[in-house]
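Please keep the sequence and the structure in view while reading the points below.

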Amino acid sequence: MLSLFTFTLGLLAIANARPTGTSAHQDHVERGGLLGRWYHEPDHHSARLFRRAANTTTPPAVGSTAWDNLYPGYSTPDPTTMPALWMQALQTVEAQGLIPNITQTNAGVYPAGVDPTSQEICNAAVQCVAPGDIWNAPDGMLGVSFDDGPTQYSPVLYDFLKSQNQTATHFFIGINIKTNPTVFAQAFDNGDEIACHTWSHPWMTSLTNAQIVAELGWTMQLISDLTGGRLPRYWRPPMGDSDNRVRAIAQHIFGLQQVDWNQDTADWTLGENKITVPQIEAEIAKFLDLPKSPGLIILEHELYAGTVQAFIDSYPLMKSKGWDTRSIGNLFGATPYQNSANDANGTTVYSQNLILNATGTISGLPTSGVTSASSTVAAAVTGVGSGTGTAAAAATSTTKSSGQGRYDVGGLVYKCLFVIPLIGLAHLITFA
């Protein structure tokens, strides 16, 4: 007679053999891009913070006055005009005690007596490494990334990257995206990764909590609108200026992971005539001769013709020195977008990250292959209007840079609905 133990193991094997990491629900028509579909399905969790038009709505033409008026102007955005849900989410996480009470700086400088290197403050601009931040590439790898685009000089860079079949991560400034949407589209259509570098490139620690939300939120909103709904996974603080307060807002409200760097070319000073292109290339060459442990993440910019040329001239040396050049997401096998599953290039956007109904209850639990932004984000949105978060988001775990460590809640429900009743049947068969 079949034993309960053997029968149960067989059922569990069947349950665990079912595919995970795919979803039957895809809420975007590809290709994305400037001509792509403009909306999330209404039950998608990101639709709660990043409102999209209904599927019957025709969006204004990109670059038109009507389109331009959808977003802040060409300076620091006014937090009083940002979507109310963003402010409510901020109030929720503040009430939960998740945002440290750290004094604002004056252009990155703290008041006397405040130590930016302390674990309480931990400002990345002074090389303080906080848990979860990305500073190093894996051994032997070189993370290819650029700040401050898109600019008039970017197309030359994008053409070169495409010619080399090289993907890169672009930490874009919101104002520059708004100014150069066609250039933005070239990077996205090339398959490069789009990341957040704030709306106006401020000293982030000098801002209020609400101003930080506006800087990050509007940049994510614009990226989402131009990419068929994708939400960036990564952000980089301008000047590296991010402390535990700024990190907490980026993480707990927007699910963003901070990417720093372990080598700096100082190429951005080219515009101040403090460095030359040959000097930039000499700095890069020096980095390429370093031991391959840890790997390299070099701070570079697509800000000037010279900074672009310095990378192009140095790229053959990167390859000849044996460096494995990858975009930031590809360094860690992670998707560059929070709402894209099992897709290194982010070409498939799924609707099952976390589905929050209007009442704040959860439906449509995710499978293990779907990356959630952060359990705290869900709690913040769920708690909107009440001033407190809920435990609803416990169904998902905080995203790790490795793309691992998430709970297969869908699998758990599957086993509860399918396996456990059959175990009961096995019990009856065994002991009848």
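**Overview**

The secondary structure of this chain comprises 14 helices and eleven strands. The model is a predicted one. Of the 432 residues in the chain, 53% are buried. When contacts between residues at least 6 apart in sequence are considered, 75% of them join residues that are at least 24 apart.

**The four-stranded sheet**

- Four strands make up an open sheet, and their order across it is E7-E8-E1-E9.
- The pairing in this sheet is parallel.
- Strand E7 (263-264) and strand E9 (324-326) are the edge strands, each of which pairs on one side only.
- Strand E1, which covers residues 141-143, pairs with E9 in the parallel sense over three bridges.
- Within the sheet, methionine 141 stands opposite aspartate 324, a residue of E9.

**Packing of helices H5 and H7**

- Two packed helices are described by the angle between their axes and by the distance between those axes.
- Helix H5 (residues 154-163) and helix H7 (residues 181-189) have axes that come within 10 Å and cross at roughly 15°.
- Angles under 35 degrees count as roughly parallel, and H5 and H7 are therefore roughly parallel to each other.
- The crossing in which H5 passes H7 is left-handed.
- On the H5 side, the contact involves Ser154, Pro155, Tyr158 and Asp159, which meet Val183, Gln186 and Ala187 of H7.
- By class, the residues in the contact of H5 with H7 are four nonpolar, two polar and one charged.

**Packing of helices H10 and H11**

- Helix H10 (residues 277-288) packs against helix H11 (residues 305-320) at an angle of about 35°, and their axes are 9 Å apart.
- H10 and H11 cross in the right-handed sense.
- H10 contributes Val277, Ile280, Glu281, Ile284, Ala285 and Leu288 to the contact.
- H11 contributes Gly306, Gln309, Ala310, Asp313, Ser314, Leu317 and Met318 to the contact.
- The contact of H10 with H11 contains eight nonpolar, three polar and two charged residues.

- The peptide bond that runs from glycine 149 to proline 150 is cis, and its omega is near -10°.
- Proline 150 lies in the loop between strand E2 (145-147) and H5.
- A cis peptide bond also runs from serine 293 to proline 294, with omega near 0°.
- Proline 294 belongs to the loop between H10 and strand E8 (296-299).

- Alanine 107 is not a glycine, yet its phi is positive, at about 55°.
- Alanine 107 is placed in the loop between helix H4 (84-95) and E1.
- The relative accessible area of alanine 107 is 36%; buried means under 20% and exposed means over 50%, so alanine 107 is partly exposed.
- Cysteine 122 likewise is not a glycine and has a positive phi, of about 50°.
- The loop between H4 and E1 is the place of cysteine 122.
- The relative accessibility of cysteine 122 is 1%, and therefore cysteine 122 counts as buried.

Methods
Residues numbered from 1 in each chain as written. Predicted model: local features only at pLDDT ≥ 70, side-chain atom pairs only at ≥ 80, totals over all residues. Heavy atoms only, no water. Pairing = 2+ DSSP bridges. Helix = DSSP H or I, 4+ residues; strand = E, 2+ residues; numbered from the N terminus. Axes fitted to C-alpha atoms, helices over the stretch in contact; angles between N-to-C directions. Parallel < 35°, antiparallel > 145°, perpendicular 65-115°, else oblique. Left-handed = near helix turned anticlockwise from the far one by under 90°. Contact = heavy atoms within 4.5 Å. Nonpolar A, V, L, I, M, F, W, Y, C, P; charged D, E, K, R; others polar. Buried < 20%, exposed > 50% of the residue type's maximum accessible area, 1.4 Å probe, protein only.
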